[in-house]
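Biologist: Let us examine this model by question and answer, beginning with a single residue and widening the view from there. Please display it before we start.

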Amino acid sequence: GLLRCNHPKAMYHPRTPGKRVNLHPTVKPVELMRHLVLLVTPPGGIVLDPFLGSGSTALAAELEGFPWIGIEKEPEYVAIAEARLNGTQRGLGLVG
């Protein structure tokens, strides 16, 4: 089935020719990452993302109520991840 979320920051925006919202080259759909976080993280677990990138996995962990650790060496990607995560409400869970 489809995974759906009503949270505005969790929506995946497909690429529009000539305009990209997120400049990271391999942005992952947050809905997919939420599913994977729930699939592999035990209750009370911590999500580790050693390649934080634009923060899709961290955002998914936040939305599902999991603590997370993200590692990223590129300052421009850290800035993208911070912008995506600012104001994210924890533990909204999947809707649908």
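Biologist: In which element is Val47 found?

Modeller: This is a predicted model, in which local features need pLDDT of at least 70, side-chain atom pairs count only at pLDDT 80 or more, and totals for chains, interfaces and linings use all residues. Helices (H or I, at least four residues) and strands (E, at least two) are DSSP runs, numbered from the N terminus. Val47 belongs to the run of residues 47-49, which is strand S1.

Biologist: Is Val47 buried or exposed?

Modeller: A residue is buried under 20% relative accessible area, exposed over 50%, and partly exposed in between (1.4 Å probe, protein chains only). The relative accessible area of Val47 is 8%. Because this value lies under the 20% limit, Val47 is classed as buried.

Biologist: Not counting residues up to four places away in sequence, which residues does Val47 touch?

Modeller: Contact is taken as heavy atoms within 4.5 Å. In space, Val47 lies 8.3 Å from Gly70, C-alpha to C-alpha, although the two are 23 residues apart in sequence. The residues that Val47 touches are Val37, Thr41, Thr57, Ala61, Phe66, Pro67, Trp68 and Ile69.

Biologist: What is the relative accessible area of Ala61?

Modeller: Ala61 is found in helix H2. Leaving aside neighbours within four places in sequence, its contacts are Val37, Val47, Phe66 and Trp68. Ala61 is buried, and its relative accessible area is 0%.

Biologist: Within what arc do the buried residues of H3 fall?

Modeller: The buried residues of H3 are Ile80, Ala81, Arg84 and Leu85. The arc is that of the directions from the helix axis to the C-beta atoms. Seen down the axis of H3, these residues line one face of the helix, because they fall within an arc of 125 degrees.

Biologist: Which exposed residues does the face of H1 turned away from its buried side carry?

Modeller: In H1, Val30, Glu31, Met33, Arg34 and Val37 are buried. They fall within an arc of 160 degrees, so they line one face of the helix. That buried set packs against S1, H2 and H3. The face turned away from it carries the exposed residues Leu39 and Val40.

Biologist: How much accessible area does the nonpolar surface patch of Leu32, Leu36, Leu39 and Val40 have together?

Modeller: Patches are made of residues with over 30% relative accessible area and no salt bridge; like charges are joined within 9 Å, and nonpolar side chains (Val, Leu, Ile, Met, Phe, Trp, Tyr) within 5 Å. Accessible areas come from the Shrake-Rupley method with a 1.4 Å probe, and for residues only the protein chains shown count as cover. One member, Val40, counts as exposed at 62% relative accessibility. Together, Leu32, Leu36, Leu39 and Val40 have an accessible area of about 380 Å².

Biologist: Which side chain meets that of Glu64 in a salt bridge?

Modeller: A salt bridge is a side-chain nitrogen of Lys or Arg within 4 Å of a carboxyl oxygen of Asp or Glu, and by this rule the count comes to one. At 2.8 Å, N to O, the partner of Glu64 is Arg34. The pair links distant parts of the chain, 30 residues apart, with Glu64 in the loop between H2 and S2 and Arg34 in helix H1. Both residues are buried, and the side chain asked for is that of Arg34.

Biologist: What pattern does the chain follow along the sequence?

Modeller: The chain has three helices and two strands. Of its 96 residues, 35% are buried. Read along the sequence, the pattern is α-β-α-β-α.

Key
Residues numbered from 1 in each chain as written. Heavy atoms only, no water.
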